[in-house]
Amino acid sequence: MSERAFQEEELIEEDMGTPGREMRIPLLEELEEVVPHRITFVLVLSAFFAVCGSYVFGNAVSYSSPAESGIMDELGLSLAEYSVFGSILTVGGLLGALCSGKIADLIGRRGAMWVTDVSGIVGWCAIFLSESAWSLDLGRLLLGFGVGLASYVVPVYIAEVTPKNLRGGFVSLCMLVIACGMSMTYIIGSVLNWRILACLGTIPCLLQLVGLFLVPESPRWLGYIETCQQASEHRILYIFQRKYAKALTVGLGLMIFQQLGGLDAYGFYMSSILERAGASSTAGSITTAIVRLAANIVAVFLMDKFGRRPLLLVSASGACLAGFLIGLSFLLQDYHQSTDVVSTLTFIGIVVFSGFFSLGLGGIPWIIMAEIFPINVKGSAGSLVSMVSWFGSWLVSYTFNYFFEWSSAALFIAKMVPETKGRTLEEIEASMTS
């Protein structure tokens, strides 16, 4: 048995509190021949067709921003109806994430990606042909199911076919391609009709559907199926054992902080935020797309050089600063300050947020999720982590429009601040202490 073939898995399992020799898969004895420690044509081809699913992810997430005005005007949707359309993608993502591990374990990583392609094609076609809110929502739900499944299986597949010295950079390609999908959608959506934009969304799905026939299945999954199928019915309980507690805490914690950072709020409703601040939504969307793309390119080259933790710390610090700027700009707007100041601060805040978030928090949690779980619980643990991420995404995207319309200052004044004119100090004191 080749010890080096399992060195990486043993180190991860020991760090997470699992026995280092718990999962020894005989089929992976020749793993070094299957996954060489260099870039090969097969590796590049496998990664290329896999990340087509990441492009669909970025395309789907950002679609609702440039399409908002066109859909609401043409189909006569209310704000509440469009909020449902925007957020129902995350409901589908939640369902896809819930069964992603099971599907990927049962029919393989390639099989799971084929399911995402079919779901994506049907979803985009439903949106393209929609004449009412219900068909829009159905298409968006199917699209969400596909990208929810892809959000788990694409980074896992790439991590499993890539050698450890290249894994970080290759898996970070997922986030780079998501950024490409978002950027292209913002740019193309600013000049094309929302129906044509939906039709173009089927292209990467079709490309992956055909391309996956040309690449191999994950050798780690093949080895897992060969030796671990009998224990599969117990895997749901396995993830709640104490030895996996640290891995679950890390995976869940990263996903929670990623979603509460507000990425989907900016992704889904960037046009509305910029217009509300008095800034150009077209210029903002294009600038943000370019910055996000550049940040992801930088992340690809820095991932294996500096590690995951430093990039996460820098990313979180920068995103926090940007969030403060955006909040400050709308606070100034509540107090009727200069429109130029508000629009400039909002523009700078969104661009800075997108850049720093894309550098680390946007993609590294998915990379770490694909790395920290042993293969015997990767399906179940990955499903749980992905499900938490998509639930947070739904919560943020659905409530954002309502909070955006809500003036916190006005509500606070109306409900809490008493009128003191013409009242004695004793009367004021009595009203404040009663």
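Helix H13 is followed by Gly307, whose phi is positive, near 95 degrees; helices here are DSSP runs of H or I with at least four residues, numbered from the N terminus. The model is predicted, with local features needing pLDDT of at least 70 and side-chain atom pairs counting only at pLDDT 80 or more, while totals for chains, interfaces and linings use all residues. Residues are numbered from 1 along each chain as its sequence is written, and side-chain values use heavy atoms, leaving out hydrogens and water.

**Helix H13**
- H13 (residues 281-306) has 26 residues and reaches 35 Å from its first C-alpha to its last, close to the 38 Å expected at 1.5 Å a residue, a span taken as 1.5 Å times one less than the number of residues.
- A kink of about 35 degrees is centred on Val300, where the bend is the angle between axes fitted to the seven residues ending there and the seven starting there.

- Tyr63, in helix H3 (residues 41-75), counts as buried because its relative accessibility is 0% (buried means under 20% relative accessible area, with a 1.4 Å probe and protein chains only).
- The C-alpha atoms of Tyr63 and Trp194 are separated by 8.4 Å, although these residues lie 131 residues apart along the chain.

**Aromatic rings**
- Six aromatic pairs are counted, a pair being rings of Phe, Tyr or Trp (its six-membered ring) with centres within 6.5 Å, and planes under 30 degrees apart counting as stacked, over 60 as edge-to-face and the rest as tilted.
- The rings of Tyr63 and Trp124 have centres 5.3 Å apart and planes at 75 degrees, so this pair is edge-to-face.

Technical notes: Helix = DSSP H or I, 4+ residues; strand = E, 2+ residues; numbered from the N terminus. Buried < 20%, exposed > 50% of the residue type's maximum accessible area, 1.4 Å probe, protein only.
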